[in-house]
Amino acid sequence: MKKFFAILLSLLMIAALVACSANTQGTDDAAGANNGAAQAETADNIDVQVPSDFKVGFICLHDENSTYDLNFINAAKAACEKLGITDYVIKTNIPEGKECYDTAADMADSGCKIIFADSFGHEDFMIQAAREFPDVQFCHSTGTKAHTEGLPNYHNAFAAIYEGRYLAGIAAGMKLNEMIADGKITADQCKIGYVGAFTYAEVVSGYTSFFLGVRSVCPSVTMDVIFTGSWYDEKAEKESALKLIDGGCVLISQHADSMGAPSACESAGVPNVSYNGSTISVGPNTYIISSRINWEPYYEYAIKAAAAGKAIPADWTGTIATDSVQLIDLNTAVAADGTQEAIDAAIAAMKAGTLHVFDTKNFQVEGKNLDSYMADVNSDADFTPDTEVIIDGYFHESEFRSAPYFDIQIDGITLLNKSF
Amino acid sequence: MHIIKRDVIPAWKAWLIRGSAILIAILLCGLITYMITRLNPITVIQNMFTGLFGSGRKTMKTFYQVAILLGVSLAVTPAFKMRFWNIGAEGQVLIGAFAAAACMIYIGRTPLFLSGSVSPAVKNLIMFPAMVIAAVAFGALWGFLPAFFKSRWNTNETLFTLMMNYVALQIFKFIKNNQTVPTRFRWTPDGTTVGMINSQYKNSFGIGTIPKFNNKPGTECLIPIIIVALLTVLLYLYLKYSKHGFEIAVVGESERTASYAGIKVNRVVIRTMILSGAICGLMGFLLVSTEGSINDNIVDGRGYTAVMVSWMSQFNPIGMFFSSLLLVFMQFGAKEVPMPDGVSLDKNFANMLMAIILFFIIGCEFIINYKIQFGRHKKREV
């Protein structure tokens, strides 16, 4: 009898699952023929008064304690304030799982017209929500799939932050030169450290552009990189920074979101270049400058576009021109003299088109300069390279899609671990 | 001041104490919420209700959460009734989820599943049984190991089951994205999260996930709810009326009595732990299959919360339903409360409220079992 029940139950379960599986629909893969990032459109181009009851939702991976999420939260508040929106919701600590979908669906259910998510791993779940709520716009920062997904209400955004990193690198290089001139280090001791989160293209692109920025002013520099395997792990970031300092690094930068590395630098008295927000509060004697993505222009633009019923492009790449890439809070007490002028000169050269961060003349791979590179721009199962990105002598980063895809290991950078 | 063990107090009194403990806990939660947010308590409760039951989809989702917590609570109950301190539900659910997800990923990558000419119904007919069997088997294995070691070498089951949680978590993390795992066995070639499983393969995406009826969001929660409801009834019958259930109760009262009565204690212990693990594994399957995704946090502490749920309901399935409902309401409801600056209360706040409730519930068991006597002249009880 018991066995009979057991069998009956299992059969029932299977039958129930299979019976309704006929409803599962194959996802339509109309590969959207969206081209890459053109010159980003800004909010100024849209003439619409956003109604004050226009409801907007923001989904954040962590909370205000993470510099990364704080950057988004501040931008969200600023954009809503600027547009006169009072009815907005910000949900924090939403993990990169089903909970992201649930939160997005909840927001859509309660009347949000446009919903933003801030973390790479949110992407699949935002896409799922976008499929189910076609009347709501879903905007995902740092994602890679919008241009191949072909959904009219799902969009990616990023900024050409590699330019910001390069500029921050110039500030770091100036500091190194100052230390050499002061006799604190010699030119061949010039090694810097970098605490990265994962071996993603986003991180690789970040540390490589930073390194190229440093090397543009301090040619003898080399760099060590440690990955922590987490976007937010204060202890690991602190330990990694200390390990780099013990290993002879005389300046540290990081791409991970806690105060771990900056506070380690402050206690060791090693200069630090920050990301996504000033960390001068924990490092008044070591903090130099921070590059940052300012999401406010994108939020403002996307909300206005949604209110006006205008199509939002699948990929939106903010630049220095749209004020999406910023260098903030130069700490003149620590930075070398003339840093601001050097940065301004580089910005002018970038605008004039004479300076490209990933100019193939400036980096080598195994002793050779590249003249061709196929990058994996369209995400697929096997990560096959699909797009030629070296054109006219430089690597075109963030142009074929908004999220970075520079994943080349260049000479001069040593990875101390790569298990993430 | 003396602390004295009470005689057994009447059931109604015990429940009165538990009821008032929960009430005080809720009031304290309300007070703390008010002190921190300065929001009108009525508005807070309204927000919680609309957040959890405001639409059909939200209601389904809330009851799905209740169902999963209830299911895990049911799973740990037989072992607890037997006084086997199994705190390994977290790992048993995770390893079940892991096995189910592994089926989705590895079977989903076979040529049969990648081809478009096989109908989804056929694929599901293969996938679902495979997932259920794998999840249940792994969950059962995670239950079996501590029980086996306990009965063979008298190891400490609390530590053993706790360690098994970490083993499960580390296995999952390792396979998921460690670069030393060969690429074709890796779940996320360069990512931190698995995302929607198989979303990169058009033809096998969605196979193994519980479908939505008429594509209505929220309806995918129906099947887990039904399965757990069935399970509740079955487990109630099993514990109350079957010979196994009786044996569990006897072993729980006293192992000696049990062995004098001719019950093979070791066999009962192992069998019951396998059952616990298997149900946990099934819950893991339901999680993965409903969510279509897996991450290290998929169990989200339910394995530990379930211990409390089972305990505070005195192993009564009906009580477990209401306890689960209460905990889910507080935990998920708190996240629906918006602050004036637009940022909603979050998980951390919700966990704090949970902790307050659990603290009171555990605390009241002390009051039920002991009494405190003030003054020093009382005669010592013998």
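1. Basis. Residues are numbered from 1 along each chain as its sequence is written, and chains are lettered from A and ligands numbered from 1 in the order in which they are written. Because the model is predicted, local features need pLDDT of at least 70 and side-chain atom pairs count only at pLDDT 80 or more, while totals for chains, interfaces and linings use all residues.

2. Domain division. Chain A is divided into domain 1 (35–160 + 296–318) and domain 2 (161–291 + 325–362 + 402–415); the bounds come from an automatic or database domain assignment. Between the C-alpha centres of domain 1 and domain 2 of chain A the distance is 29 Å. Domain 1 of chain A brings 19 residues to the contact and domain 2 of chain A brings 13 residues, where contact requires C-beta atoms, placed from the backbone, within 7 Å.

3. The domain 1 side. At least two residues each come from helix H2 (67–83), E5 and E11 of chain A on the side of domain 1 that touches domain 2. Helices (H or I, at least four residues) and strands (E, at least two) are DSSP runs, numbered from the N terminus. By class, this side of domain 1 of chain A holds eight nonpolar, ten polar and one charged residues. Here Ala, Val, Leu, Ile, Met, Phe, Trp, Tyr, Cys and Pro count as nonpolar, Asp, Glu, Lys and Arg as charged, and the others, Gly among them, as polar.

4. Strand E5. Strand E5 (residues 154–159) of chain A is largely enclosed by the rest of the structure, because six of its six residues are buried. A residue is buried if 20 or more other C-beta atoms lie within 10 Å of its own, exposed if 12 or fewer, and partly exposed in between, with C-beta atoms placed from the backbone. Tyr154(A), Asn156(A) and Phe158(A) point one way from E5(A), and His155(A), Ala157(A) and Ala159(A) point the other way.

5. Neighbours of E5. Strands pair if DSSP finds at least two bridges between them. E5(A) runs parallel to strand E4 (residues 137–141) of chain A over four bridges, with Phe138(A) partnered by Tyr154(A). Four bridges also link E5(A) in parallel to strand E11 (residues 315–318) of chain A; there, Asn156(A) has Asp315(A) as its bridge partner.

6. Strand E10. In strand E10 (residues 287–293) of chain A, seven of seven residues are buried. Strand E9 (residues 272–275) of chain A pairs with E10(A) in the parallel sense over three bridges, and Asn272(A) stands opposite Tyr287(A). Strand E12 (residues 325–328) of chain A is antiparallel to E10(A), joined by four bridges; Ile293(A) stands opposite Val325(A).

Definitions and conventions: Contact = placed C-beta atoms within 7 Å.
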